[in-house]
Amino acid sequence: MLASRLARGVVVAAQRGRVSSSASSTASLRRTPFRAHQRCSFNTSVVRAHKNYYGVVSCLPSVKAFESSSFGRRSCERMFSSEVEAIVQFNLADVGEGIAECEVLKWHVKEGDQIEQFDPLCEVQSDKATVEITSRYEGVVEKVHYEVGDMAKVGSPLVDIRTMIEEESPEADAAGSGMPPPSADADEAQQRSRSASAIATPAVRRIARENDVDLSQIAGTGKDGRVTKTDILSFISSGGTSGAASPPAAARLGVPRAPAAAAPVETPSAPSGPKQVHIPPPSQGTAPDVTVPVRGIQKIMVQTMTAATSVPHFGYADEIVMDELMAVRGEMKQTALERGVRLSYMPFILKATSLALRAFPILNSHTNSDCTEYTMKGEHNIGVAMDTAQGLIVPNIKSVQNLSVLDIASELNRLQELGKEGKIPTADLKGGTFTISNIGIIGGTYLSPVLSLPEVAIGAIGKTQRVPRFDDEDNVVPVNIMNVSWSADHRVIDGATMASFSNVWKAYLENPSKMLLELR
C-alpha cells in the first residue's frame, strides 16, 4: 500500500550545488529538503523529477527500508500529499432573488487569522435577509476586501485565504503526456478512482488519506452528496460504519462537540398592573442632522410598501374574548416547556387562521401583477411580522394546515431566535400566503395593516386588556379582550367574505375545544 503511495507522491530532490545520491538510510532522507509541491513519479526503481529541480535525482534502492521507518510513513501521508499551497479568493456567492449586492454587517475574522472549514467569516445583509457566510477552506486569512458597512458585489472576492488545494493526480499527468500511469495494484487503483470521484474538500481528502479511508464508501450529508468533515470523522470513529464521531477524534481534528441540550427555563410572568415603559433620558442640547442611507431590509420595505399603497384596501375590526384560550394555554404551557417549547398565544392564533382559511380559501390567494387573475394557494404558509434590529421582516411558517399547535410553537421559537440574531434564512422569508402581525406585544389596540403583496389579506393583533363587559344577565363582569384588525385587497375580497372569515376565526379562539374537532 505504502509503496504505491510512494509511486504517487514521494520525491528525492537535490538542491542547487548539492546532490543527495544516497537514499539507503532514512537519516539521509530526513536531511533532504522535501516540499509538498515538488513531486515525482516512480517507474519501477527509476525516480523521474518534475517541476524545477537542479542537480541529480537518485533512485531508491530500498523502498522497504523507507516504508518501515516512522519518518517514511509520516512523510508519505503528510509531507508528500498531492496538495499544493495556494491563495484562493473566496467570493460572495449569488444569494438569489436577483440581488446584486449585500452590505457587510460584521466580520468574524481578520487578516492573519487561522480558520477551519465551516468557520464563520462574516455576516452580510441583502434586501431580503441577513446571512452568515462560512468558509469552505481551512487556512490563513491573507486579505479582507471589504470594511463593515461596505456594499459587496455578488461574485466579488470577500477574503483571500492561503490554503492547500489538490493538484492533478499523477495518473492524470501521465494520461495527458501519453505516458503510462505509475504501476499499482488493480484494486488500489480502482479504490483511488472511486475516492477521487467523491465530492469533498481538500481538507476532507487529507483526513481520508491519513486514515486509509475510501471516500466513496461514505454517504455524504453535504450539498449534492458532499462528504463533510463530520461525515468522515463519524466513519473513522465507528470503524468504517455510520455513526457519531468519538470525542477524541473530533477534538483532534478540530470539530466542536455539539453542546448538551439546555433545560428549558420558563420566563417569569409579567407583574400585574400597568406595563412599565422604558423612557430614554433626553439628549443634551440640539442633536446634529444625520443622513442615513436606505439599505438592506429598509430598502425592500420602500419597494413593497410603495407598491401596496397602490392597491385599494378596506379594513375590518373585531374584539375576541380570550378567557377560555388563556385557561387552555395555562394548562398546556408546562407540558410544552417540558418538551423544550415556549408556548404563547400566537400558535393558537395561527392554527385558528389556518382552520378559517380552509372555509374561505380565497383569502389564501396571490394576485398577478395587474390583478387579472388570482391563485388560491393550497399551502397555508402564514407569515408572522417581526420587528428586528435590521427592520421589519416577515418570515412564514410553512404548511400550518398540517402542523399541531405544538409544532407551530416550535417553528415560531426557531424563527424568533434567528430573528434576534438577524440570521433568518431566505427560504423562511419566501412563499408566504397570509400574514399576521402581533403589534400588541408592543402596544396599541386597533391598527390599519398594509398588505404584503401579492397576498390579498393581512391581520394585526392588538394587546389583550382586562375590561368590564355586560354578561347575559346584564351583570358587569371582567373579561380579557383582544382586538384584531384585518385589511384586504378590495379588488378581490369583499367585506362580507372578510367578516365571515373573522367570525369563524373568532369562534375557534373563543372556544378552543372546537379546534380539537378539526385537528388531524
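Between which two strands is the loop where F118 is found? I looked this up first in the predicted model. F118 is in the loop that runs between β5 (114-115) and β6 (120-125).

I checked phi for F118 and got a value near 75°, which is positive although the residue is not glycine.

S399 is not glycine either, and its phi is positive, near 50°. I placed S399 in the loop between β16 (396-397) and α13.

I then went to the peptide bond from L453 to P454, which is cis, with omega near 10°. P454 sits in the loop between β17 and β18 (457-470). For background, most peptide bonds are trans, and most residues other than glycine have a negative phi.

**Entry: overall counts**

I counted secondary structure next: the protein has 15 helices and 19 strands. Of its 520 residues, 41% are buried. I also looked at contacts with a separation of 6 or more, and 62% of them are between residues 24 or more positions apart.

**Entry: aromatic pairs**

How many aromatic pairs does a search of the whole structure find? I got four.

I wrote down F434 and F501 as one of them; the pair is tilted, with 5.8 Å centre to centre and 45° between the planes. This pair links distant parts of the chain, since F434 is in strand β17 (residues 434-437) and F501 is in helix α14 (residues 495-510), 67 residues apart. I checked burial for both rings. F434 has 0% relative accessibility and so counts as buried. F501 also has 0% relative accessibility and therefore counts as buried.

I then followed F501 to W486. Their pair is edge-to-face, at 5.2 Å centre to centre and 80° between the planes. W486 belongs to strand β19 (residues 476-489) and F501 to helix α14, so this pair ties together parts 15 residues apart in sequence. W486 is buried, as is F501.

R329 lies over the face of Y345, 4.8 Å from the ring centre.

**Entry: α12 against α13**

At what angle do helix α12 and helix α13 pack? I read about 120° for α12 (residues 346-359) and α13 (residues 405-421), with the axes 9 Å apart. That angle makes α12 oblique to α13. Their crossing is right-handed.

I listed the residues that make the contact. From α12 they are M346, P347, F348, L350 and K351, and from α13 they are V405, I408, A409 and L412.

**Entry: V341**

Is V341 buried or exposed? I found 8% relative accessibility, so V341 counts as buried. V341 lies in the loop between α11 (323-338) and α12.

I looked up what V341 touches. Leaving out residues up to four places away in sequence, V341 touches A336, L406, A409, S410 and N413. I took the distance to S410 as well: V341 and S410 are 5.7 Å apart in space, C-alpha to C-alpha, and 69 residues apart in sequence. A409, touched by V341, is also on the α13 side of the contact with α12.

Definitions and conventions: Residues are numbered from 1 along each chain as its sequence is written. This is a predicted model: local features need pLDDT of at least 70, side-chain atom pairs count only at pLDDT 80 or more; totals for chains, interfaces and linings use all residues. Side-chain values use heavy atoms; hydrogens and water are left out. Rings of Phe, Tyr and Trp (its six-membered ring) pair if their centres lie within 6.5 Å; planes under 30 degrees apart count as stacked, over 60 as edge-to-face and the rest as tilted. Helices (H or I, at least four residues) and strands (E, at least two) are DSSP runs, numbered from the N terminus. Buried means under 20% relative accessible area, exposed over 50%, partly exposed in between (1.4 Å probe, protein chains only). A charge sits over a ring if NZ of Lys or CZ of Arg is within 6 Å of the ring centre and within 35 degrees of the ring normal. Axes are lines fitted to C-alpha atoms, for helices over the stretch in contact, and angles run from 0 to 180 degrees between N-to-C directions. Angles under 35 degrees count as roughly parallel, over 145 as roughly antiparallel, 65 to 115 as roughly perpendicular and the rest as oblique. A crossing is left-handed if the near helix is turned anticlockwise from the far one by less than a right angle, and right-handed if clockwise. Contact means heavy atoms within 4.5 Å.
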